[in-house]
Amino acid sequence: MQPVESGRLPDLPDIAQFARVYERFMIAMAAHMGAGDSAIGDRLRNHLGADPADLPTTRAEFPDTDHPNLQLGLDAVLAGAERIGYYAVDVGFGSVSLADLARGRSAGGPITEGPVRFTDVEVESGRVVRCVSAGIYLAAGPGGPAVVLIAHAERPFGPRAISIEIASPADEVPSAVLRDVRAAMRERNIYRGRCISLHLAPNESVTVAFHAPEPVGRENIVLPAGTLERLERQSLGMAGQAPGLRRAGQDLKRGVLLHGPPGTGKTLCVSYLLGAMPGRTAVLLTGRSLGLIEQAVRIARDLEPATVVLEDVDLVAAERTMDFGDHGVLFELLNQMEGLEGDADLLFVLTTNRPDVIEPALASRPGRIDLALEIPLPDEAARRRLVKLYAGGFDLPDAAVAEVAARTDGVSGAFVKELMRQAMLRA
């Protein structure tokens, strides 16, 4: 090591030369790791009749939210396949490959045969799908043998994913297997026709919650005359006329923006729409999960007819000149709404308390938001209806209803609901 003179740094090595030497070192290490016998590699070679390290592979990644769907697809397509496990030292980012299995080593050390590892994923109503998280399928079909590797695909940024890698001495088999698995996933998708919400955890992992929304009757929606009818025509009406609109070459993708002060019934309108379209997939985003718009639209597109609900969209869709809002998410939202096929029966419902800050490219551009509906504070006639509605089984005198309606000028429907609840408790 060179001594450091006062006020002078030692000469540093040439970076390019160091990189060349380091590259040769890594190649030599990889060659050394490939030497020797591997029991698990022999198992794969015997099944395939070839070394998987010499075969082209087909690889795909699926988000963790699709893990149960992937498992159901594998169960359908590879029902008769033998399943074995492996053990490899965790090396952080990156995942085990078929080439690693063939030589019996990864960057972390040797790979040996072991038990198949599973992850239990709870889905709707307590149902659990037992998913392979690390395992190998030894499949044999009319096209020839195949090896299918399931592993976690670790990423340096963002949520984890599940990877599937397929090798076969028959060139057409890997793509055919992956195509059949994808088709079986769509057919058996656990989210189809369900109401779900996506949630982003602090560690960037994504979870899915299933919901059974309380049905909201049409009689429970108190809006100015004609407002609910316009909302129904844009959502329920177009869904009911989807076949005819497709034949006429008309777009089915549409967007509705519900705006108004807090507590006026925007979320109630959303609940009514979801209940009025049974069998339709619904994906809900709110708060931090608004950043998951790409995943939400992917699920909706795969499972159409579908509805995507973005509550308090002003959090991410503020005008680009504003200092607040996540403009990266805004651009993603614009891209997703713009890039969809027109014949996809997709309904976007956005809610906000701040229509004044919404990006004009979202709120005003045709083809993104087709209908903007104000959900205003209730007038006196509407407040009378709300008082009677939330009185439940109590038969209130007309004079009492009129007095409450007169004294609640300027309040929201949510305020009237809480007022009546408090009155019943005190009574």
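Mentor: A charge sits over a ring if NZ of Lys or CZ of Arg is within 6 Å of the ring centre and within 35 degrees of the ring normal. The model is predicted, with local features needing pLDDT of at least 70 and side-chain atom pairs pLDDT 80 or more, while totals for chains, interfaces and linings use all residues. Residues are numbered from 1 along each chain as its sequence is written, and side-chain values use heavy atoms, without hydrogens and water.

Trainee: What makes Arg 117 a charge over the face of Tyr 86?

Mentor: Arg 117 is 5.9 Å from the ring centre of Tyr 86, and the limit is 6 Å. The charged end of Arg 130 also sits over a ring, that of Phe 118, at 3.8 Å from its centre.

Trainee: Why is the pair of Tyr 191 and Phe 210 called tilted?

Mentor: Rings of Phe, Tyr and Trp (its six-membered ring) pair if their centres lie within 6.5 Å; planes under 30 degrees apart count as stacked, over 60 as edge-to-face and the rest as tilted. Here the centres are 5.8 Å apart and the planes stand at 35°, so the pair is tilted. A search of the whole structure finds one aromatic pair.

Trainee: Is Tyr 191 buried or exposed, and what does Phe 210 count as?

Mentor: Buried means under 20% relative accessible area, exposed over 50%, and partly exposed in between (1.4 Å probe, protein chains only). Tyr 191 has 3% relative accessibility, so it counts as buried. Phe 210 has 22%, so it counts as partly exposed.

Trainee: How do you know that S9 and S10 pair?

Mentor: Strands are DSSP runs (E, at least two residues), as helices are (H or I, at least four), numbered from the N terminus. Two strands pair if DSSP finds at least two bridges between them. S9 (residues 195–200) and S10 (residues 206–211) have six bridges, in the antiparallel sense. Cys 195 stands opposite His 211 in S10.

Trainee: What makes S10 and S15 edge strands?

Mentor: The open sheet has seven strands in the order S10-S9-S12-S13-S14-S11-S15, with mixed pairing. S10 and S15 (371–374) each have a single partner strand, so one side of each is left without a neighbour in the sheet. Inside the order, S13 and S14 pair in the parallel sense over five bridges.

Trainee: Which residues touch the most other members of the largest nonpolar core?

Mentor: A nonpolar core is a set of buried Ala, Val, Leu, Ile, Met, Phe, Trp, Tyr and Cys residues joined through side-chain atoms within 4.5 Å. The largest has 30 residues, and Leu 198, Leu 285, Leu 310, Phe 348 and Leu 350 touch the most other members.
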